[in-house]
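Hello,

Here is the structure you will be taking over. Please have a look at it first, then read my notes below.

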Amino acid sequence: MPTRPARQPSAFVTEPTDNSPRDYSQAVPKADKQAVRETHCSVPANEEASAVTSDFEPKNRFLSALPPAELARLRPSLTFHRLPQGLVLQEPEQRIEHVHFIDGGMISLVAMMQDGSAIETATLGREAILGSLAALGQHRAGTRAIVQIDATAWRMPVADFRAAIEQSALLRKMALLSSELTLAQMQQTAACNALHTADRRLCRWIVQVRDRIDDDVIRLTHDFLAQMLAVRRPTVSLIAYGLQQAGLIRYQRGKISILDRGGLERGACECVGALREKTTRIIAELG
């Protein structure tokens, strides 16, 4: 019986906002994986910034859709957290201890393979609640969740969230709708990766990031783009060069600056509109 390959330890790091994102998505050649590992520091993978005091003005779309009375049930247990790039929020099979109402930035869900390779299955922003399904039972994580772009979130213990939804049918509905939306995003991403060209997928990804971070500058590396699109690094450079020549972006090492958002939307695949429609429809059901 073949021996299962040893899995490489996680080494994601916390970094300042203005540094390039670390690589973690699609499978890459062995030499590239080793180079990525060697760039990581020895900072604990799950080191999280301390909670900070903040006025309660949530940008998370599920929290914003709740009536005041339901929001009041959650407020005593919610704390505002800054989640630095590279922070691992959950690992596969790990018991989920906290629910995160994402308020800004972006978090990736990543499926891990036995040989240590990984593939991104969904990106979550302020339209998402990470860990909401745990409120309905003793749920364990199915994927790794990593902060891809510096994020903020309102966090509460799963036990407190479970107690709140036991008192409110609307909060229980919110937990189910959040899980439905995450599943819809994962399904759309799988179809997009299988059926659409790399240039259209890149346009789609840039537009989706822009929707979530409210910034025309996206910091990431050639290697990350290659992993995300499941193509070789020279292909990434060729696609980015084409978008730059078309006046849609300015592409520099570790940074994409959006110059023509409308043009990117026209160049993106249908998944941009499909995901927006699903997000709007599902959150509207909460009302």
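Predicted model: local features only at pLDDT ≥ 70, side-chain atom pairs only at ≥ 80, totals over all residues.

Residues are numbered from 1 along each chain as its sequence is written, and side-chain values use heavy atoms, with hydrogens and water left out.

**Helix packing**

Start with helix H4 (residues 158-166) and helix H5 (residues 169-195). They pack at an angle of about 125°, and their axes are 6 Å apart. Helices here are DSSP runs of H or I with at least four residues, strands are runs of E with at least two, and both are numbered from the N terminus. Axes are lines fitted to C-alpha atoms, for helices over the stretch in contact; angles run from 0 to 180 degrees between N-to-C directions. H4 and H5 are therefore oblique to each other. The scheme is this: under 35 degrees is roughly parallel, over 145 roughly antiparallel, 65 to 115 roughly perpendicular, and the rest oblique.

Which residues make the contact? H4 supplies Phe 161, Ala 164, Ile 165 and Glu 166. H5 supplies Leu 171, Arg 172, Met 174 and Ala 175. Contact means heavy atoms within 4.5 Å. The residues of this contact divide into 6 nonpolar, no polar and 2 charged. (Nonpolar: Ala, Val, Leu, Ile, Met, Phe, Trp, Tyr, Cys and Pro; charged: Asp, Glu, Lys and Arg; polar: the others, Gly among them.)

**Salt bridges**

The count comes to 12 salt bridges. The rule asks for a side-chain nitrogen of Lys or Arg within 4 Å of a carboxyl oxygen of Asp or Glu.

One of them joins Asp 214 and Arg 126, at 2.8 Å from N to O. This pair links distant parts of the chain, 88 residues apart. Asp 214 sits in the loop between helix H6 (198-213) and strand E8 (217-219). Arg 126 sits in the loop between strand E5 (118-124) and strand E6 (129-130). Arg 126 counts as buried, at 17% relative accessibility. (Buried is under 20% relative accessible area, exposed over 50%, partly exposed in between, with a 1.4 Å probe and protein chains only.)

Glu 265 and Arg 261 also meet in a salt bridge, at 3.9 Å from N to O. They are 4 residues apart in helix H9 (residues 261-267), so about one helical turn separates them. Glu 265 is partly exposed at 30%, and Arg 261 is partly exposed at 31%.

Arg 281 forms a salt bridge with Glu 285, with the closest N and O atoms 3.2 Å apart. Finally, shared partners join Arg 126, Arg 210, Asp 214 and Asp 216 into one salt-bridge network.

Best wishes
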